Amino acid sequence: MYLYNLTLQKGTGVTHAVHGNFSGGKQQEVLLSRGKSLELLRPDPNTGKVHTLMSTEIFGCIRALMAFRLTGGTKDYIVVGSDSGRIVILEFNPTKNSLEKVHQETFGKSGCRRIVPGQYFAIDPKGRAVMIGAVEKQKLAYIMNRDAQARLTISSPLEAHKSNALTYHMVGVDVGFDNPMFACLEIDYEEADLDPSGDAAQRTQQTLTFYELDLGLNHVVRKYSEPLEEHANFLVSVPGGNDGPSGVLICSENYLTYKNLGDQHDIRCPIPRRRNDLDDPERGMIFICSATHRTKSMYFFLLQTEQGDIFKITLETDDDVVSEIKLKYFDTVPPATAMCVLKTGFLFVASEFGNHYLYQIAHLGDDDDEPEFSSAMPLEEGETFFFAPRALKNLVLVDELPSFAPIITSQVADLANEDTPQLYVLCGRGPRSTLRVLRHGLEVSEMAVSELPGNPNAVWTVKKRADDEFDAYIIVSFVNATLVLSIGETVEEVTDSGFLGTTPTLCCAALGDDALVQVYPDGIRHIRSDKRVNEWKAPGKKSITKCAVNQRQVVITLSGRELVYFEMDPTGELNEYTERSEMPAEIMCMALGTVPEGEQRSWFLAVGLADNTVRILSLDPNNCLSPCSMQALPSPAESLCLVEMGHTESTTSAGGPLDDDVPQRSGGSNKGTIYLNIGLSNGVLLRTVLDPVSGDLADTRTRYLGSRPVKLFRIRMQGAEAVLAMSSRTWLSYYHQNRFHLTPLSYETLEYASGFSSEQCSEGIVAISTNTLRILALEKLGAVFNQVAFPLQFTPRTFAIHPDTGRMLIAETDHNAYTEETKNARKEQMAEEMRSAAGEEERDLAKEMANAFINEVLPEDVFSAPKAGLGLWASQIRCLDAMHGQTMFTIPLTQNEAIMSMALLKFSIAADNRYYLAVGIAKDLQLNPRISQGGCIDVYKIDPTCSSIEFMHRTETEDIPGALCGFQGRLLAGCGRMLRIYDLGKKKLLRKCENKHIPYQIVNIQAMGHRVYVSDVQESVFFIRYRRAENQLIIFADDTHPRWVTATTLLDYDTIAIADKFGNLSIQRLPHAVTDDVDDDPTGTKSLWDRGLLSGASQKSENICSFHVGEIIMSLQKATLIPGGSEALIYATLSGTVGAFVPFTSREDYDFFQHLEMHMRNENPPLCGRDHLSYRSSYYPVKNVLDGDLCEQYLSIEAAKQKSIASDMFRTPNQICKKLEDIRTRYAF
């Protein structure tokens, strides 16, 4: 078996975010690391929408990311620490729209190791040096400079190693132009290591150490070190030089401390807490993330606590000595991994879990009535300040970037009966959890919908002048009339436009600089700018049936076969070309391209005929309407569209990405390729390349769109031409980030459309559907899925789909959480304490406050759920109708019961043909060390409509039921390391059979036929045969390697796909020689496991595929994603990636892609210096899996490299691109 790995949806979780002027202009961008890929975003300062400029896979693990700028420079560079053992400096090239490697210096082994640097980065604020550190021992400093050509140079590394030292964080201290200085949080564990009693480990203190890089002597000195009172988690550098006092802010548990060298004494301030917080009172409070904003005149810090509250922090100075720290509550946003304050006044928040947000900072919070806390205020030791959280006041949400991370589990199913399956994904954590329904398609935002007096059959938009920015008229054609609407503040009907309203219209367009043309069945109406009208009447009894129009040319068909061609002369008149041309069959459709800039005419006319052909006719005046080429079609053409695609002009008006000068295969650097799109009457879209000189057609791509004939419309998207294709679904074909996309719109069926541009919506679509006119906008180009999200209360763990109704049963469980009941009891208790603590005078006031506290409800999805303490669990079962998102019922469990597993099954003994829900529950579970008070299995009976559920009974188990599965009308349960078969009894489940030979803990059970496939937490999968006659579960085969299983799925009776917690996927298959009928010992005295092999079963499964995905796979499923497609292995990862492993159907395909992958490894090595082969073989050597992500980078490398790879493979670049597109569209999108 050979597989090809395709990423359908790139990871959406963000591990690092930095901002800077990477493109060298005035605008700031944000660079995100998504674990194993880099993405560059630009927030539009006018609209606040975030645009993705580029995204690239780096085939490595990004551990640290920083932006820096050389002194006096205007452009920011990016320095990346990864698992490659190399420091890499990148620069963004806006003309190629890609990141380029400026420097790559090797310093250590690859892989994420303890003593190889790459985990921490610190940059001197003036950009003169960078320090890169490991978790333990090693630190290296590099000096940055410029050479004579103003190119960035990098020095040899200077060592600052210290044995037995663990590093927690490091920053560059701002010292102006003195020697660069770095501050590190370290701990020395030498004593603790040598002391067996453990006392020294208790006494060990964390130290703050300053390292100075002496530029004169060219080495690093350990300048100063002092022990810290509290354990700190990160440092924030304070502006220095002329801008501020320099030094660092130390964020530690419950305290914020300012330290600096010299005369400065420490300033410390407690971290404020929420008033009347339900959290565990013993719990410390820490800051988790920070952002610094500095201008010429001032600076401040935004620090966020783990509850999501942001504080604005300012320092009061007296002669460059800090006298106090001031904190002020700013706002509450979701807890973040990184925050970036941009110069345009935006705050970008990369959330730990769930969607990322862009806020506008509306106020700096200086003049509100929020109390300000200061380190100068007198407080007892251990006391702190209190504040009341509130809704957003200083921040305004302007954009949201959807993120599926973390995906807990997912399933592909067509519950909505839409032909195309949906992806149901459980994601998020705690009260921000959601169930998301993902559909392949672009999200459409409706700007306006208005009803029309009848059912129209076509719609167009026209501008009054060619250089107008916005459209002036919308023209709607009915069976016997034409309606003209003018576009202004509102859209209203006009009668003085010059268009003929008493006839249907075949086409209308802007002609020349300022004229309009209307083609109707009886003639052509040419409307000049001064409202003069020229008419051309159709001769005799003939009428016009089809037409094609562009800025300077009009072509019409008279009574089916005769072509008449008009061209505009320099005076603006339309002149008919003398000869008319008769076609050999009836003309079904025609298309003209747009007139290229600086030319008189479009040189070719495409005509689709009833004899299943498309012909290209020349419009050259020397041989006008003479045939150039022809292509036979499988069925008649319904519509044609000529577009130039593959280059994008840099348009800032649309806020689109600057993809100019994308190198193209058609020679010129900024010329796109002309494509003829052919929509067939059988629902197929063909895309063919038209040669701009000879008019030949070549390189046809095919795609099935739907059951109706395909109609095509040319529109503009992001400043470039795109094609809207309408069948039973509407599709958009566009070019985005160096590749073609053909994506359906997630919207109802449309019948006719045209581009639309107005002040409110610069790039929209006006379309008709039955008797309505709709104005639509597409904002999220490049997106694969659009999503509908339904909120959940706790972290979802697993779900089951009720087969008869399609409703979902979701198990939700949170650690460190209260159930509603406990929460209310705790509130009551705190309110009672408030009342009783008050004296005589304040009694009434205290009562009021207590009542207000009980009635106050802070939405937990905004303000986070209270942290109850370790070992406290809250769980519930929810039944959800995924179509409408309504919850049918929830069943809360009591405090400290955690749902660990769930299965939907039928019991054959019950004979009622009803589904039962078995739920495995752990009681009072502590995670570290793992201790529990046993567990239990609850059984519920589900009513046939799945609208209610009846509790049957609870069965206690001595260990936690980690996995449940229905098996031959009974229940298989993995309780700890016991595998048991239970049957349904009256009062509880009855134990029928068990196997005690799984080594550690069962985490997953799959069953098929008589076989059971059991996953152990760290010993991979065991293959077990149930022998009914002897009532025995016998292990007949197992794996040779340990694997820490996270998800499995069966591919067939002998083959299972296994994902592990290190990000690997492997496929195990039982060899033909393996037998599950172990009969050679009839007495049963010498049981099978006594004469095992490699201390396991006597037979072993063999590994047929291995691949390192690089993210933890949480769900695996064999499914088809597109109607009529083939099955693929779909996976979803913790970081929000959705991907597929697709099987090769022929050896020839496998060889082709294997060679392409090999060439790509040599020609286009990964950006961060990791070797691609060793990355994909991080744990087990990669076997029989090819990396589609690497192969698809072929589409975005420069043309010269494309050509050289193609010639080495005896192909053309177009053939390779076609192969890449085909394998994608055969299985997915």
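Begin by selecting aspartate 881, which stands opposite glutamine 886 in β70. Keep in mind throughout that this is a predicted model.

**Stop 1: the sheet around that pair**

Now widen the selection to strand β69, residues 873–881, which pairs with β70 in the antiparallel sense over six bridges. These two strands belong to an open sheet of four, with the order β67-β68-β69-β70 and antiparallel pairing. On average, neighbouring strands here are turned by 20 degrees against each other, direction ignored. As a reminder while you look at the backbone, strands of a sheet pair through backbone hydrogen bonds, either parallel or antiparallel.

**Stop 2: a loop and a helix**

Next, select asparagine 816, in the loop between β68 (808–815) and α3. Its phi is near 65 degrees, a positive value in a residue other than glycine. Most residues other than glycine have a negative phi. Is asparagine 816 buried or exposed? At 18% relative accessibility, asparagine 816 counts as buried, since the cut-off for buried is under 20%.

Move on to helix α4, residues 843–855. Its 13 residues reach 18 Å from the first C-alpha to the last, close to the 18 Å expected at 1.5 Å a residue. Show the side chains of Ala846, Ala850 and Phe853, which are buried. They lie on the same side of α4, because they cover an arc of only 60 degrees around the axis. What do they pack against? The buried residues of α4 pack against α3 (820–837).

**Stop 3: a hairpin**

Select strands β57 (684–690) and β58 (697–704), which run antiparallel and are joined by six bridges. Arginine 687 stands opposite arginine 701 in β58. The two strands form a hairpin with six residues between them, and glycine 695 in the turn has a positive phi of about 80 degrees.

**Stop 4: backbone details worth a click**

- Asparagine 97 lies in the loop between β8 (86–93) and β9 (98–106). Its phi is positive, about 55 degrees, although it is not a glycine. Asparagine 97 is buried, with a relative accessible area of 5%.
- Alanine 405 and proline 406 are joined by a cis peptide bond, with omega about -5 degrees. Look for proline 406 in the loop between β33 (395–401) and β34 (407–413).
- Asparagine 928 and proline 929 are also linked by a cis peptide bond, with omega about -5 degrees. Proline 929 is in the loop between β72 (916–923) and β73 (935–942).

**Stop 5**

Select helix α6, residues 1147–1163, whose 17 residues reach 24 Å from first C-alpha to last, close to the 24 Å expected at 1.5 Å a residue. Its buried residues include Tyr1150, Phe1152, Phe1153 and Leu1156. Among the elements that cover the buried residues of α6 are β1 (3–9), α9 (1199–1208) and α10 (1213–1227).

**Last stop: zoom out**

Colour by the domain assignment: domain 1 (258–377), domain 2 (445–646 + 672–783) and domain 3 (1128–1227). The centres of domain 1 and domain 2, taken over C-alpha atoms, are separated by 56 Å.

Methods: Residues are numbered from 1 along each chain as its sequence is written. This is a predicted model: local features need pLDDT of at least 70, side-chain atom pairs count only at pLDDT 80 or more; totals for chains, interfaces and linings use all residues. Side-chain values use heavy atoms; hydrogens and water are left out. The expected span of a helix is 1.5 Å times one less than its number of residues. Buried means under 20% relative accessible area, exposed over 50%, partly exposed in between (1.4 Å probe, protein chains only). The arc is that of the directions from the helix axis to the C-beta atoms. Contact means heavy atoms within 4.5 Å. Two strands pair if DSSP finds at least two bridges between them. Axes are lines fitted to C-alpha atoms, for helices over the stretch in contact, and angles run from 0 to 180 degrees between N-to-C directions. Domain bounds come from an automatic or database domain assignment.
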